[in-house]
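Good morning, colleagues. I would ask you to bring up the structure on your screens, and I shall then take you through two parts of it.

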Amino acid sequence: MGPGVQIGGPPGGVRGEIVALKSLDLEVHDGEFFGLLGPNGAGKTTTIGILTTRVKPTSGSALVGGADVANDPVRVRQRIGVVPQRPNPDRSLNVLENLIFHAAYFGIPASVSMPKANALLEQLAISDKAQSKVDEMSGGQQQRLMIARALIHEPQVIFLDEPTVGLDPQTRLSLWEILRQLHAEGRTIVMTTHYMEEADKLCDRIAIVDRGELLELDTPEALKRRAPGGTLVEISLSGAASDVVERVRGVEGVLGAEAQGATLRVYSDRGGRVISPVIASVEDGGVTVTNISLTEPSLETLFVSRTGRKLD
Amino acid sequence: MSATTIPTAAVRATPQTHAVNETAVFFALLRRDVRVARKELPFFLVRTTMQPLLFLVVFGYLLPKMSFLGKGYQTALLPGILAVSLSLSAIQSVALPMVQDFGWTKEIEDRLLAPVPTRLVAAEKIIAGSLQGVIAAAFVLPIARLVMGPIPALTLSHASEVLLIVLLGSTAFSSLGMWLGTAIAPQQIGLMFSVIIAPMLFFGCAYYPWRGLDVVPVMKYIVLVNPMVYVSEGMRGALTPSVPHMPLLAVVSALIVVATVFWVLGVRSFYKRAIG
């Protein structure tokens with residue numbers, strides 16, 4: 001089978017004055033759980049919009065299941081299931097009708113979709129709501145209905161746009177479980193998220209994107225290995241960090257240090273033990289420390305080192 | 001940067017799921033709208049009937065009874081009331097859901113993901129809207145007859161002409177509803193009623209026959225830009241042929257042009273909203 005998703009060239013989605021995507025060149029394999037990780041405004045939703053034929057790319061090309069999103073959107077839509085950022089069920093229909101009608105929009109008769117809909121509701125633990133109004137469901141249940149809807153027509157690729165935003169931790173965990181199951185069933189999944197942990201725990205490969213550009217693309221393990229060595233110690237200062245960054249680089253245990261405004265980022269191979277000598281060095285330089293935070297090597301530290309910003 | 005070349009093998013290896021039958025999808029979309037409309041039928045009928053009913057009671061019953069208006073006025077009023085009912089409900093049944101769906105609920109997204117051309121989804125909405133216009137007309141006619149009492153000039157012997165005008169008028173106005181509902185910002189929807197719909201109703205020759213405007217010749221020609229005029233005059237010609245009215249051929253031609261123009265504008269505007 002061909003790759004689940006291919007993006008070639010720069011599909012530049014221009015919205016308003018903001019160029020959402022500059023260039024993104026990647027390929028998702030069949031059966032892969034692929035994550036697009038980046039902060040809000042990184043161009044993730046535009047990417048999903050282009051791949052699901054809801055946003056026209058201004059240039060470049062994108063193929064989903066071998067079909068071109070710009071030239072053959074109908075064939076693309078036939079192959080994809082989409083779970084939106086905010087549940088948008090058809091509120092005029094009940095839960096089961098939402099699935100049956102969605103299947104009908106794909107030319108699937110009720111005789112075929114009915115057993116499948118019931119099985120999906122069962123699998124997603126909302127079968128007791130089959131005849132309920134959508135509004136009677138909780139946010140997490142509505143999100144699960146969206147997943148059922150995205151699966152009812154047996155798509156080749158499932159797109160999830162920030163599926164766990166606004167869900168409580170417990171609901172998020174149960175949704176992760178569902179996504180793991182779908183992945184285990186061999187489905188190709190493309191998910192956007194700005195939760196590092198979510199991408200780390202679920203995805204086979206992660207593309208880190210920021211401001212419409214691809215920064216890194218690899219497995220979570222390889223990405224974490226690529227994170228700058230050691231613990232990230234982020235120190236807020238009363239003055240400019242550039243004044244003291246040179247001094248700090250000389251402190252034992254410090255692998256590297258960067259200055260950004262009043263923020264000093266220090267990478268340590270001794271965990272938190274560098275904190276007191278670093279503070280001493282900073283204060284010798286005539287600046288006071290106002291806040292300190294520690295982050296273990298992770299996708300987050302990789303992201304910070306590449307962009308100078310935090311994920312959320 | 002150039003687009004990546006996709007290996008032909010990868011494309012060929014893709015499973016060729018057979019194309020979805022567009023007609024089947026169209027009827028699935030229509031079935032959904034009929035199901036929803038049926039659930040909301042009582043509200044739909046109240047919404048459709050209230051305004052014409054009030055007009056009928058005051059202008060078709062009270063004023064003639066007080067002798068402020070001649071008996072003949074009822075004959076002129078009845079086709080106009082039908083025209084207003086069908087046009088209003090056709091516009092509203094498309095424009096309001098569109099404003100909601102694209103404005104905030106985003107509920108239409110599940111239909112925009114259907115593997116059919118996006119324009120087909122728009123076409124279905126327009127047709128569902130025109131059906132509601134037809135139902136409105138069919139519902140208001142007997143009520144009008146009941147409130148006004150016997151109207152000597154009224155005849156149903158030209159039923160096919162009545163049906164033609166009703167279908168063309170409903171399609172023209174649900175297409176207009178599609179255009180307005182997708183082109184106007186949600187915050188301005190109130191403005192749509194006072195700036196577009198209200199003048200259309202009052203200068204649409206619904207409450208007076210077009211020939212009556214002979215007394216103000218300028219007006220007689222200005223109102224011709226108003227599509228409502230053709231629905232009112234068409235209903236007049238088909239339901240009360242003995243009353244002076246525009247020639248049916250002119251009415252039908254004008255409605256075909258109007259419906260085509262609004263259809264094209266409406267579908268295009270829907271597409272623009274659907275595909276960013």
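Are helix 5 of chain A and helix 6 of chain A roughly parallel or roughly antiparallel to each other? Please bear in mind that this is a predicted model.

Two packed helices are described by the angle between their axes and the distance between the axes. Here, helix 5 of chain A, residues 139–151, packs with helix 6 of chain A, residues 169–184, at an angle of about 15°, and their axes are 10 Å apart. Angles under 35 degrees count as roughly parallel; helix 5 of chain A and helix 6 of chain A are therefore roughly parallel to each other. The contact is made on the side of helix 5 of chain A by G140(A), Q143(A), R144(A), I147(A) and L151(A), and on the side of helix 6 of chain A by T171(A), L175(A), I178(A), L179(A) and L182(A). By class, this contact of helix 5 of chain A with helix 6 of chain A has 6 nonpolar, 3 polar and 1 charged residues. As for handedness, helix 5 of chain A passes helix 6 of chain A in a right-handed crossing.

I turn now to the sheet. In chain A, 4 strands form an open sheet in the order 14-15-13-16, with antiparallel pairing. Its edge strands are strand 14 (254–260) and strand 16 (289–295) of chain A, each of which pairs on one side only. From one strand to the next, the twist averages 20°. Strand 16 of chain A pairs with strand 13 (residues 231–237) of chain A over 6 bridges, and L237(A) has V289(A) in strand 16 of chain A as its bridge partner.

Finally, helix 10 (residues 275–284) of chain A lies across strands 13, 14, 15 and 16 of chain A, running at about 150° to strand 16 of chain A.

Definitions and conventions. Residues numbered from 1 in each chain as written. Chains lettered and ligands numbered in written order. Predicted model: local features only at pLDDT ≥ 70, side-chain atom pairs only at ≥ 80, totals over all residues. Heavy atoms only, no water. Pairing = 2+ DSSP bridges. Helix = DSSP H or I, 4+ residues; strand = E, 2+ residues; numbered from the N terminus. Axes fitted to C-alpha atoms, helices over the stretch in contact; angles between N-to-C directions. Contact = heavy atoms within 4.5 Å. Parallel < 35°, antiparallel > 145°, perpendicular 65-115°, else oblique. Left-handed = near helix turned anticlockwise from the far one by under 90°. Nonpolar A, V, L, I, M, F, W, Y, C, P; charged D, E, K, R; others polar.
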